[in-house]
Amino acid sequence: MKNLNSFRIAIAAASLGLIGAAPALAGARNPVVVELFTSQGCSSCPPANANLIKLSSDPDILALSFAVTYWDYLGWKDLFGKEEFTQRQVTYEPALGQSGPFTPQMVINGRTSTVGQDLGEVRSLIAAERPLAGPAVRLKGDTATIDGGGKPASPADIWLVRYDAGLVEVPVARGENAGETLPHAHVVRELTHLGLWNGKPQSRTIPPAKPNEKRALLVQERNGGQILAAATD
């Protein structure tokens, strides 16, 4: 068993070829949003993590990895887990017809979900998605801009997502994945609610990206509803 003090998190440059198209996402507007809810303490999650790594190389897909906390009791506390990520998944489940959260789970545009272990199935669900019908959104420097558009039935949430641009590898010392080094792509570090969009144009000041970090802007129906618009910087 490895000592906790020996943990190292290696962030590999995208040029290594594992997620080589990360730069192609720059400036992407209204990609298909694929959210993976995962845990380093879940033995079923590595195949879904590997599939998200593959999806993250597609410039038309915004792949995001959210680490949940409810498997921490198995003996390994996920290094990236946050309660707000767990709550995001919990909020999704009623509309998706699920009785409760589970891992791994991929949620696509807030509309459909799957366990994410079958890449062919995931790609079929992505291909079946209709284009996002919300406003044009942009991230540039310290400004997030949302254009005007058809007024939503109710105000929509505006989310700022900050995530790792490259690959993160984590040696796991205990729990179901003990002894494994697990790779992750596009690990979400922060999820911030910026306010509501009611159909009118608006811009908001946001923190600049940190080194090895990317940002995404999501406009989404409230209470875990469908994603209306998305953009990355």
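Author: The largest pocket has a volume of about 230 Å³. A pocket here is an open set of points on a 1 Å grid over the protein atoms alone, where a 1.4 Å probe fits, with protein on both sides within 12 Å along at least five of seven lines; its volume is the space filled by probe spheres set on points joined across faces, edges and corners. This is a predicted model, with local features needing pLDDT of at least 70 and side-chain atom pairs counting only at 80 or more, while totals for chains, interfaces and linings use all residues. Residues are numbered from 1 along each chain as its sequence is written, and side-chain values use heavy atoms, leaving out hydrogens and water.

The lining (residues with an atom within 4 Å of a point) includes Glu84, Gln87, Arg88 and Thr91, along with Asp157, Trp159 and Leu191. Gln220, Glu221, Arg222, Asn223 and Gly224 line the pocket too. Helix H2 (83-96) and strand S8 (156-164) are the elements giving two or more residues each, and H2 has the largest share, with four. Both are DSSP runs numbered from the N terminus: H or I over at least four residues for helices, E over at least two for strands. By class, the lining has two nonpolar, five polar and five charged residues.

Glu221 also turns up in the lining of the second largest pocket, among the residues nearest its centre. That pocket's volume is about 160 Å³.

Technical notes. Ala, Val, Leu, Ile, Met, Phe, Trp, Tyr, Cys and Pro count as nonpolar, Asp, Glu, Lys and Arg as charged, and the others, Gly among them, as polar.
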